[in-house]
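Work through the exercises below with the model open. Each task is followed by its solution.

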Amino acid sequence: MSRRPGYVTTGPYAPPVPHTTLPVVSADGARLYAEVHGPKDAPAVVLAHGWTCSTAFWAPVVRDLAADHRVVLYDQRGHGRSPAAGPAGHSTHALADDLVAVLEAALRPGERAVVGGHSMGGMTIMAAAERPQLRERAAAVLLCSTGSADLPAESRVFPLRSPQGRRRAHRLMLHSRAPLGPVSPLAKSALRYATMGPGATAEQIEACARIVHACPPGVRARWGRVLAGLELTGGAGRLELPTAVVAGTADRLTPLVHARRLASVLPDCRGLTELPGLGHMTPIEDPAAVAGRLRALVGDHLRPAGTGTDTGEAAAAEVPRSARQKKEKTA
């Protein structure tokens, strides 16, 4: 096994040093690693990474935002520096518990944040849609390269004609405990095919491969089983917060059909951004686009510190838009 760290250590995809780290304890006692970047009085952004990733995945987005935002990152349980949970600790309910715990630990009394999630991080937000803590703490949401249901049937890593065949093949992939081994040229080629667009650079592929290969096989398999049976469309339909959606048009893991479905069911969708030619790893493939959507949500829904009541309170009081208005917004 490679002894290299689970992330690149130089260049734009290397994780910046946080200003502080934050121990978080979830509802079932699970301990989570969290870190904070940027000025302490700046508008807050909280980011949740995806399956097999870690806080390092957000590195280029953090570099963009941290000059004028307080950015909170955390490792999902079993990923990065968060210890693995027992067999009963793997569920969408646990993901929602963890996000709520991070929000409560990281934000000051009455403070709101823009909350963004990539892949399983977006699913985490949908799982927490009905939690009062999310409604109280989140002013707006970004769902990035994610889906709410039918992942094995819709994925295109194995482009089989038969829906049943695709479902079986992708379930096997999600359930697999096979070690990924060292980050070799062959491994990077396979990862690029499965998770990135054709224009991904060698630096981007290396950054993603280091992160994904660092995830323990057992953790990958246990969360893969959760994803294989995912059903959160109802949660998306109850996410009554201003929500933007971002997706790559060449995403094989969560193809564009998922993003379009989310845009159609979200009560307050603030637009779907389709990134041409990009794959599943959009925060690394185009960090400027992802950071730009987060900045726009902050600008629309959070007041700068010291200007009085933050606009998240107004956002929370908005009546969700009608289905007709929602379709006009996303058309």
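This is a predicted model: local features need pLDDT of at least 70, side-chain atom pairs count only at pLDDT 80 or more; totals for chains, interfaces and linings use all residues.

Residues are numbered from 1 along each chain as its sequence is written, and side-chain values use heavy atoms, with hydrogens and water left out.

**Exercise 1. State the chain's average pLDDT and find stretches under 50.**

Step 1. pLDDT is the predictor's confidence in each residue, from 0 to 100. The chain averages 92, and 90% of the residues score at least 70.

Step 2. Residues 305-309 stay under 50. Their contacts (heavy atoms within 4.5 Å) beyond four places in sequence number three.

Step 3. Residues 311-331 are also below 50, with 32 contacts in the model beyond near neighbours in sequence.

**Exercise 2. Describe how helix 2 and helix 3 pack.**

Step 1. Locate them: helix 2 is residues 92-106 and helix 3 is residues 120-127. Helices here are DSSP runs (H or I, at least four residues), numbered from the N terminus.

Step 2. Read the geometry. The angle is about 85° and the axes are 8 Å apart. The helices are therefore roughly perpendicular (65 to 115 degrees).

Step 3. List the contact. Helix 2 gives Thr92, Leu95, Ala96 and Leu99; helix 3 gives Met120, Thr124, Ile125 and Ala127.

**Exercise 3. Is Leu99 buried or exposed?**

Step 1. Leu99 lies in helix 2.

Step 2. Its relative accessibility is 1%, so Leu99 counts as buried (under 20% relative accessible area, 1.4 Å probe, protein chains only).

Step 3. Beyond four places in sequence, Leu99 touches residues including Tyr74, Val115 and Leu134.

Methods
Axes are lines fitted to C-alpha atoms, for helices over the stretch in contact, and angles run from 0 to 180 degrees between N-to-C directions. Helices (H or I, at least four residues) and strands (E, at least two) are DSSP runs, numbered from the N terminus. Angles under 35 degrees count as roughly parallel, over 145 as roughly antiparallel, 65 to 115 as roughly perpendicular and the rest as oblique. Buried means under 20% relative accessible area, exposed over 50%, partly exposed in between (1.4 Å probe, protein chains only).
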